[in-house]
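Me: I have a model open and want to learn how to read it. Take me through a few features, please.

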Amino acid sequence: MGDSYTVQISTKLINQLAREDEKRSPRKVRKPKPKTPKSTNQPQNTETQTQTPPAAIFPPLFLPVPPPAPVEALPEVESIRQVLKESEKVLEKLKVEESDMLKELNKRSKELREKEFKLPYQNPIPCMKERSDCLECYKNYANDPLKCADTVKRFADCAWKSRQSASPPSNN
């Protein structure tokens with residue numbers, strides 16, 4: 001309860017709230033009366049009375065709390081603790097075994113993938129150099145493609161030779 005907070009209210013906020021209040025209800029706003037201390041019948045002697053300072057000045061006191069006294073353990077609790085320790089040991093062993101099995105599984109799946117999904121030998125595509133030379137020539141001489149006639153002829157000859165070597169000779 002020793003927390004203290006500061007609230008700042010600006011005159012602008014007060015004026016705004018007063019305007020909103022006037023809009024809502026036409027009644028007059030009461031001005032709060034200043035608080036005066038109630039007089040008691042006892043004579044006030046300021047010298048003998050000591051005023052207690054507000055609580056906000058002094059920080060709260062925290063007294064050290066001693067640790068609880070050890071409670072005699074019940075035999076049931078001790079047996080449960082032993083079972084718990086054994087279970088934790090078994091859990092650790094299972095975790096190690098699981099990680100080993102996971103490594104083995106990954107290793108075997110990688111081996112299987114390498115064996116099963118190898119791509120067969122791919123024959124290189126014939127006439128790739130001639131084809132790229134032909135395309136390059138057309139790019140360079142886009143306005144005058146007739147200059148590429150020799151390059152196109154070499155590409156066509158290469159394609160014809162590769163077809164002849166790929167197909168078996170026909171007996172007529």
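Me: Which helix holds T151?
Reply: Helices are DSSP runs of H or I with at least four residues, numbered from the N terminus. T151 sits in helix 4, residues 149-166. This is a predicted model: local features need pLDDT of at least 70, side-chain atom pairs count only at pLDDT 80 or more, and totals for chains, interfaces and linings use all residues. Residues are numbered from 1 along each chain as its sequence is written, and side-chain values use heavy atoms, leaving out hydrogens and water.

Me: Is T151 buried or exposed?
Reply: Buried means under 20% relative accessible area, exposed over 50%, partly exposed in between (1.4 Å probe, protein chains only). T151 has 12%, so T151 is buried.

Me: Which residues is T151 in contact with, leaving aside neighbours within four places in sequence?
Reply: Contact means heavy atoms within 4.5 Å. For T151 the partners are D133, C134 and C137.

Me: Where does C127 lie?
Reply: C127 is in the loop between helix 2 (75-116) and helix 3 (128-140). Its phi is near 65°, positive in a residue other than glycine. C127 is buried, at 8% relative accessible area.

Me: What does UniProt annotate at residues 77-115?
Reply: UniProt annotations may be inferred rather than shown by experiment; positions follow the numbering used here, and feature names are shortened. The unreviewed entry gives "coiled-coil region" for 77-115. In the model, that span is 100% helix and 0% strand, with its end C-alpha atoms 57 Å apart.

Me: Where is I14, and how accessible?
Reply: I14 is found in helix 1, residues 11-24. Its relative accessibility is 46%, so I14 counts as partly exposed.

Terms used. Helix = DSSP H or I, 4+ residues; strand = E, 2+ residues; numbered from the N terminus.
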